[in-house]
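Have the viewer open as you read.

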Amino acid sequence: MDITDPLLLFGTILSMYIALSLTLNLEFGFTGLPNFGKVLFVAAGGMLSATVMYRVALVLFKLHSNDIFESSPRFSSTIDVGLASNPVLATELLVLILLVGAVVGAALGYLASYPAIRLREDYLGMLLLGAGELFALLTAYYPPIAGGPENLTTPDLLVGFGSAEKYVILVVFAVVAVFIFFYAERVAKSPLGRTLKAVRDNEIASEALGKDNINIRRKMLMISSALSGIIGALWILYWSQIGGLIGGDVGGTFPRLLFTFYPFTIVILGGIASNYGVVLGAVALTTVYVGTTELLPTMVTAVNISGQNANLLTDFINSTQYIILGTLVIVVLLVRAGGIIPEKPSYPLRKSKLKEMASAAGEPPPAPEKPDSEPVKA
Amino acid sequence: MIDPLIVATVEYGGILSVMCIGLTVTYQTTKVPNFAYADVVVVGMTAAYFSYVLLGLASSYLTLPFSMLVAGAFAVLMYILVMKPLIKRGSSILNLMIASLAVDILFTGVEADISEIGIVPFSRAFTHAGIPVLVEAPPLPDFNFLIRNGIQIVHTCPLASAGSCIPGIFVISPVLLAATTGTMYLLLKRSRFGIAMRAAIENPSLARVVGINVDRVYTVSWFIAGALGGLAGSLYAIGDGMSLGVQNTLILDIFAGSVLGGLSSIYGAVIGGLLVAIGENYVITVLAKSVNSQLLVLQVGGVSMIILIITLLVAPKGLVAVNWRRLISRRS
């Protein structure tokens with residue numbers, strides 16, 4: 001039994017989920033915006049950057065067809081051959097998809113901020129959920145976006161790396177995850193992070209202190225949506241085939257379960273507004289996800305159960321992940337609503353520095369950290 | 001024969017409105033959009049098949065009490081095991097919404113596991129009764145009204161019928177909707193329990209002070225909401241048959257209808273449900289015929305999502321909160 005592939009898969013999915021959940025944490029955990037339409041920003045970034053990149057490549061390679069989506073497997077392999085000998089062009093196309101993903105995400109985030117600053121949180125959640133569903137339907141049945149019912153096989157931008165490609169994808173995702181982690185940590189420790197929490201916890205008080213609630217929410221939504229769009233664009237490097245109906249379900253490459261519910265699961269499990277918690281939550285979720293979708297089924301085939309029983313068992317293991325994760329979320333909400341690593345108050349300076357200053361001024365040291373309490377406003 | 005499009009619209013309108021009433025009741029009591037409500041409907045649907053086959057009922061409509069009981073019990077379980085403890089802990093609305101999403105995912109997993117493994121012992125009984133498997137099951141048998149020298153009730157329509165034939169669900173569905181609305185009206189406005197329920201919804205702490213057991217009132221409300229879901233599930237099984245996983249598309253319609261109605265009043269829910277059903281079945285089919293056949297893909301979820309989004313953007317409190325008199329007089 002070869003363990004390399006499941007491990008690679010684990011690493012890639014883990015990095016993707018760390019990155020995506022951290023962006024969700026920025027808007028849901030810190031700012032209090034319930035983005036139940038997370039899938040919309042990821043899918044729009046991914047699908048639109050894929051078609052734009054594919055169309056640009058068609059123009060560059062002078063390929064024509066009446067139905068560019070139907071002939072996409074053929075065209076893409078032609079383009080792949082060209083890209084293998086031209087790494088500069090491949091890099092340019094890579095930059096292009098990242099740019100398109102970021103721009104699409106930011107634009108959608110700007111659009112979403114219109115209802116986000118007007119509606120109550122539960123109504124906003126419903127609205128974003130609905131928007132995500134509508135986009136999934138659109139991509140599933142409206143061909144110009146991503147081929148509709150036909151799939152779009154995208155050119156392989158990392159073709160130059162040959163057999164090392166899988167490792168390169170892992171590295172790319174890991175770099176993005178680390179980058180977003182440091183960004184989120186910086187936000188959490190900065191005055192901006194404390195402002196965000198103020199906006200989340202008490203709108204009126206933060207307004208009274210002169211904070212522009214509307215602008216802050218809009219900015220956070222745009223930043224985290226742009227990052228989501230980039231993650232979506234990178235996801236097509238991994239899949240190299242996108243479509244609104246892959247697997248027969250509406251949602252296709254970007255199902256609501258994987259890109260809305262699972263990030264929320266991670267944030268709830270790990271800890272709302274806690275970056276380390278989110279990383280821990282991502283590890284937990286990825287273990288369950290990869291374990292039930294890849295590792296255990298591989299074992300089933302390894303121990304030589306064959307025929308219909310093996311399929312049944314694989315399906316059974318596969319759908320057990322929903323039971324595990326659903327139960328986990330409910331239990332964590334009931335037992336430890338702050339998550340495994342709950343939110344910590346952030347200090348403007350290092351704690352040792354604060355103590356030093358306090359003792360120099362002859363005051364008692366700052367109060368110890370409060371025990372975990374409900375961080376989101378009731 | 002009546003146009004099958006109208007039959008489908010009327011049938012689904014009745015079913016959807018009943019579900020919207022149920023969702024509105026749960027929203028009123030716990031103030032949380034319950035994303036797991038369609039699961040209650042699916043439980044009712046499954047209960048309808050099981051009771052029909054295992055009890056050998058004479059008519060499909062006799063499954064109604066069974067599915068209402070089972071679905072009601074399921075909703076109460078959901079309330080007692082998940083929602084009530086969370087509310088007691090002082091969870092925010094967002095956490096409650098996430099919890100209901102989690103219940104939905106949990107249910108999907110259980111459903112898939114049962115359909116993959118657990119159904120095997122049952123499948124023989126079901127095959128015997130002419131219903132092959134439970135994952136995808138044909139509609140339960142319906143009766144028909146045959147109009148020929150008066151009205152007769154027949155089981156299958158004669159192919160070359162001299163009169164016109166109306167499927168039973170075409171009549172039963174709106175009748176049950178009217179009965180449900182009437183019962184809810186009587187319950188809320190004329191009964192002691194209804195007054196207690198309205199008080200508990202309006203101001204829980206004040207209701208507690210006057211001696212209303214708010215907790216029990218909420219539990220009963222969730223049972224009522226679940227029973228309505230079961231009723232709708234049973235009718236859905238008779239009209240359209242069943243496919244496990246149908247909750248994913250049902251929930252979109254239920255939310256669209258309820259939000260259009262305003263999530264605050266039962267009559268709003270009825271109107272919203274009917275409008276969504278008309279839009280999704282009738283309007284879009286007519287538009288597809290006359291404008292562009294591509295539009296037909298909006299039928300599953302598309303129309304309802306457009307309605308939901310427009311409602312939330314333009315009038316988030318729904319149709320019942322719009323001041324129609326002012327709107328009309330301003331224009332004229």
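Contact here means heavy atoms within 4.5 Å. By that rule, 49 residues from chain B and 47 residues from chain A take part in the contact.

A word on the source: this is a predicted model, in which local features need pLDDT of at least 70 and side-chain atom pairs count only at pLDDT 80 or more, while totals for chains, interfaces and linings use all residues. Residues are numbered from 1 along each chain as its sequence is written, chains are lettered from A in the order in which they are written, and side-chain values use heavy atoms, leaving out hydrogens and water.

| Item | Value |
|---|---|
| Buried area (accessible area, 1.4 Å probe, that two parts lose on being put together, summed over both) | about 4100 Å² |
| Share of that area from carbon and sulfur atoms | 76% |

On the chain B side, L94(B), I98(B) and I105(B) lose the most area to chain A, together 15% of what that side buries.

Now for the helix stop. T180(B) lies in helix 6 (residues 168-190) of chain B, helices being DSSP runs (H or I, at least four residues) numbered from the N terminus. Is T180(B) buried or exposed? T180(B) counts as buried because its relative accessibility is 9%, and buried means under 20% relative accessible area (1.4 Å probe, protein chains only). Apart from neighbours within four places in sequence, T180(B) is in contact with V18(B), I21(B), L228(B) and L231(B).

Conventions. Helix = DSSP H or I, 4+ residues; strand = E, 2+ residues; numbered from the N terminus. Buried < 20%, exposed > 50% of the residue type's maximum accessible area, 1.4 Å probe, protein only.
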